[in-house]
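I opened my notebook for this one and wrote down each thing as I looked it up.

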Amino acid sequence: LTESPAAINAALAHDDEIKAMAGTIAGARDVLYLGRGPDYPLALEGALKLKEISYIHAEGYASGEMKHGPIALIDDSVPLIVLAPSGPLFDKTVSNMQEAQARGAQVVLISDAAGIAQAGENTIATIEMPEVHPLIAPIVYAVPVQLLAYHVAVAKGTDVDQPRNLAKSVTVE
């Protein structure tokens with residue numbers, strides 16, 4: 001945990017490259033997010049944030065469940081955001097990613113240097129995160145997921161400060 005602040009700062013350093021690739025995602029009608037293990041809830045969160053502020057239909061899935069529905073949605077018009085830090089679940093996540101690529105998926109791979117070196121070919125973009133302990137990875141990987149949603153929304157011209165039809169739970173009874 002003591003390494004988390006430095007890792008988060010390193011993740012924030014990729015803001016410009018995330019902004020540069022946001023236009024690619026902004027034109028999509030649908031976006032899928034894949035994560036495995038502790039990265040699955042982060043895939044759900046990434047999809048939620050993208051929906052809330054950019055108004056693009058997005059869904060997060062456990063990468064091991066991809067064959068149970070999401071694979072039917074994959075084609076070259078549906079970007080696939082893959083959260084795959086190096087570690088014990090990396091190879092299985094990349095295997096699912098490669099199945100999606102074989103079906104035309106336009107993949108954005110979010111991983112560390114070792115993961116990108118191993119699986120970054122044939123992606124439309126990669127976002128390199130620092131190498132961190134697997135239990136800290138979701139904290140660090142939340143940064144590019146949030147920045148991507150923000151920059152896509154800005155690229156689309158939506159009001160990121162006041163998303164339509166959303167209200168804080170404290171204001172709704």
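**Helix α4**

I began with α4, where the buried residues are F90, T93, V94, N96, M97, E99, A100 and Q101. For me, buried means under 20% relative accessible area, exposed means over 50%, and partly exposed is in between, with a 1.4 Å probe and protein chains only. Helices (H or I, at least four residues) and strands (E, at least two) are DSSP runs, numbered from the N terminus.

A note on the source: this is a predicted model, so I kept local features to pLDDT of at least 70 and side-chain atom pairs to pLDDT 80 or more, while totals for chains, interfaces and linings use all residues. Residues are numbered from 1 along each chain as its sequence is written, and side-chain values use heavy atoms, with hydrogens and water left out.

What do the buried residues of α4 pack against? I found β3, β4 (106-112) and α5 there, taking contact to mean heavy atoms within 4.5 Å.

I then checked the length of α4 (residues 90-102): its 13 residues reach 18 Å from first C-alpha to last, close to the 18 Å expected at 1.5 Å a residue. The expected span is 1.5 Å times one less than the number of residues. Just after α4, G104 takes a positive phi of about 100 degrees.

**Helix α6**

I ran the length check again on α6 (residues 137-156). Its 20 residues should span 28 Å at 1.5 Å a residue, and the end C-alpha atoms are 29 Å apart, which agrees. Just after α6, I noted a positive phi of about 85 degrees at G157.

Is β1 largely enclosed or largely open? Five of the six residues of β1 (residues 30-35) are buried, so the strand is largely enclosed by the rest of the structure.

Next I looked up its partners, counting two strands as paired if DSSP finds at least two bridges between them. β1 pairs with β2 (residues 57-62) in the parallel sense over six bridges. Along that pairing, V31 stands opposite A58, and G35 stands opposite A62. β1 also runs parallel to β3 (residues 79-83), joined by three bridges, with L34 opposite V82.

β1, α3 (residues 40-54) and β2 make a right-handed β-α-β unit. Right-handed here means that, with the strands pointing away from the viewer, the path from the first strand over the helix to the second runs clockwise.

I followed the side chains along β2 and saw them alternate.

P79 is in β3, and it is buried, with a relative accessible area of 5%. Which residues does P79 touch, not counting those up to four places away in sequence? I listed I25, A28, D30, V31, L32 and Q106. P79 and L32 are 47 residues apart along the chain, and their C-alpha atoms are separated by 6.4 Å.

P70 sits in the loop between β2 and β3 and, at 3% relative accessibility, counts as buried. Leaving aside neighbours within four places in sequence, P70 is in contact with L32, Y61 and E65. I also took the C-alpha separation of P70 and G87, 17 residues apart along the chain, and got 24 Å.

Y55 has a phi near 65 degrees. Y55 lies in the loop between α3 and β2 and is partly exposed at 27% relative accessibility. The charged end of R164 sits over the ring of Y55, 3.7 Å from its centre; the rule asks for NZ of Lys or CZ of Arg within 6 Å of the ring centre and within 35 degrees of the ring normal.

N122 also has a phi near 65 degrees. N122 lies in the loop between α5 (113-119) and β5 (125-129), and it is exposed, with a relative accessible area of 67%.
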